[in-house]
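Have the sequence and the model side by side as you read.

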Amino acid sequence: MPSIEHNYKFLFMMTKFSLRHLRRFVFNNLQNHDYESHLSRLLNFFLIFLIIANVLAVMLESIDSIYFAHKKLFDLFETVSIALFTIEYLLRLWCVAEEHPDQPAWKTRLQWFSSGGAIIDLLAILPAYLNFIVPIDLRFLRILRLLRLLKLTRYFVSLQILLAVIEREKGSFQAVVFILLIMIVMAAGGIYVVENKAQPGVFSSIPEAMWWAVVTLTTVGYGDVTPVTNIGKLLGAVITILGVGLAALPAGILATGLANELSLRNQKLAQEFRNLLISNQIDYLNETKEIEKIRKRIGLSKEQTNEVIMQLIREKDLEEQEQQKKAFKYCPHCGEKLPEA
């Protein structure tokens, strides 16, 4: 008869296997972007609906007549939302170990914990728990709850592309911000020198003049503070012109980054589509339904799909021509092609 210790070891192994299988299942349906099933789509739609409903609830709560009339309903919805977002966060933290099975689970979880998506998830629930420890003004708490809107970046490709561009071009943005700060200080110092005597109440110091420098360099120009001296007006005109060029820098960086990111993404999708067509040995001309199914699953446009198919057809024709050339040899006298014996 097997010993009790052997039974315990067998039970422990079976439990460990079941937990590993469950963790993999949760990871695929909740965290794995490359995996798609009816359950994963349902979870994504539910979480998107919950995020949007939370934002709408925050907006409606700012209307006192609606909030006080349905206070219990709003409080119940907030409690349920916090519970669901907390469960989601803990499940992601637990199952993310499956993302890199070859390294220790704690290391994978630490990497995910410090990632942008995990920080956004934490910010979505942290204000509610902080309110239990430290009393927070209700209006301030409502604004913090709007951070849940950032969770939508996980479910929309366009937002992911934008964040990727900002992450890759952060050095350029930092340089622009640094230049802007230098310009603000120099502009504030210059306008203080030329306008202090004429308007001592408006340009009483360089820090006071920095408000004018900010609205002028950003080309907003509220008009609440304006120079009155001729030199001050000239300086204001120069700073405004410089501000137009400076304001265009971030837009140019962002536009170029988006174009490059979209180009790289399209190339990646096209290559993935091409590999699937080749690996599945799909007939490019006849199996249109299967091609359309793969195209929708990958997210490739019809124009890109046609380009990939036309390229594969051209490559196939060239390959057949090369094979035909190898199947013949030439007559040394007349130069005509002769079939091999």
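Is Val 176 buried or exposed? Val 176 is buried, because its relative accessible area is 10%, and buried here means under 20% relative accessible area, with exposed over 50% and partly exposed in between (1.4 Å probe, protein chains only). Before going further, note that this is a predicted model, in which local features need pLDDT of at least 70 and side-chain atom pairs count only at pLDDT 80 or more, while totals for chains, interfaces and linings use all residues. Residues are numbered from 1 along each chain as its sequence is written, and side-chain values use heavy atoms, with hydrogens and water left out.

Val 176 sits in helix H9 (residues 170-195); helices (H or I, at least four residues) and strands (E, at least two) are DSSP runs, numbered from the N terminus. Apart from its neighbours within four places in sequence, Val 176 is in contact with Leu 249, Pro 250 and Ile 253, where contact means heavy atoms within 4.5 Å. Take Pro 250: between Val 176 and Pro 250 there are 74 residues in sequence, but 7.1 Å in space from C-alpha to C-alpha.

Stepping back, the protein has 13 helices and two strands. Of its 341 residues, 29% count as buried. Among contacts with a separation of 6 or more, 60% come from residues 24 or more positions apart.

Now look for the largest nonpolar core, which has 16 residues. Such a core is a set of buried Ala, Val, Leu, Ile, Met, Phe, Trp, Tyr and Cys residues joined through side-chain atoms within 4.5 Å. Ile 51, Phe 85, Trp 112 and Tyr 155 touch the most other members. H1, H2, helix H4 (71-95) and H6 each supply at least two residues of this core, and H2 gives the largest share, four residues. Apart from this core lies another, of eleven residues, including Ile 184, Ala 187, Ala 188 and Ala 213.

Leaving aside neighbours within four places in sequence, the contacts of Ile 51 include Phe 85, Tyr 155 and Lys 151. Lys 151 lies in the loop between helix H7 (138-145) and H8, and Lys 151 counts as buried because its relative accessible area is 2%.

Next, find helix H10 (residues 206-217). Its twelve residues should span 16 Å at 1.5 Å a residue, and its end C-alpha atoms are 15 Å apart, which agrees; the expected span is 1.5 Å times one less than the number of residues. Ala 209, Trp 212, Ala 213, Val 215, Thr 216 and Leu 217 are buried in H10, and their cover includes H9 and H11. Just after H10, Thr 219 takes a positive phi of about 60 degrees.

Finally, turn to the largest pocket, with a volume of about 2000 Å³. Its lining has 48 residues, of which His 33, Asp 34, Arg 154, Val 157 and Gln 160 lie nearest its centre. H8 gives the most to this lining, with six residues. By class, the lining has 17 nonpolar, 16 polar and 15 charged residues. Here Ala, Val, Leu, Ile, Met, Phe, Trp, Tyr, Cys and Pro count as nonpolar, Asp, Glu, Lys and Arg as charged, and the others as polar. A pocket is an open set of points on a 1 Å grid over the protein atoms alone where a 1.4 Å probe fits, with protein on both sides within 12 Å along at least five of seven lines; lining residues have an atom within 4 Å of a point. The volume is the space filled by probe spheres set on the points.
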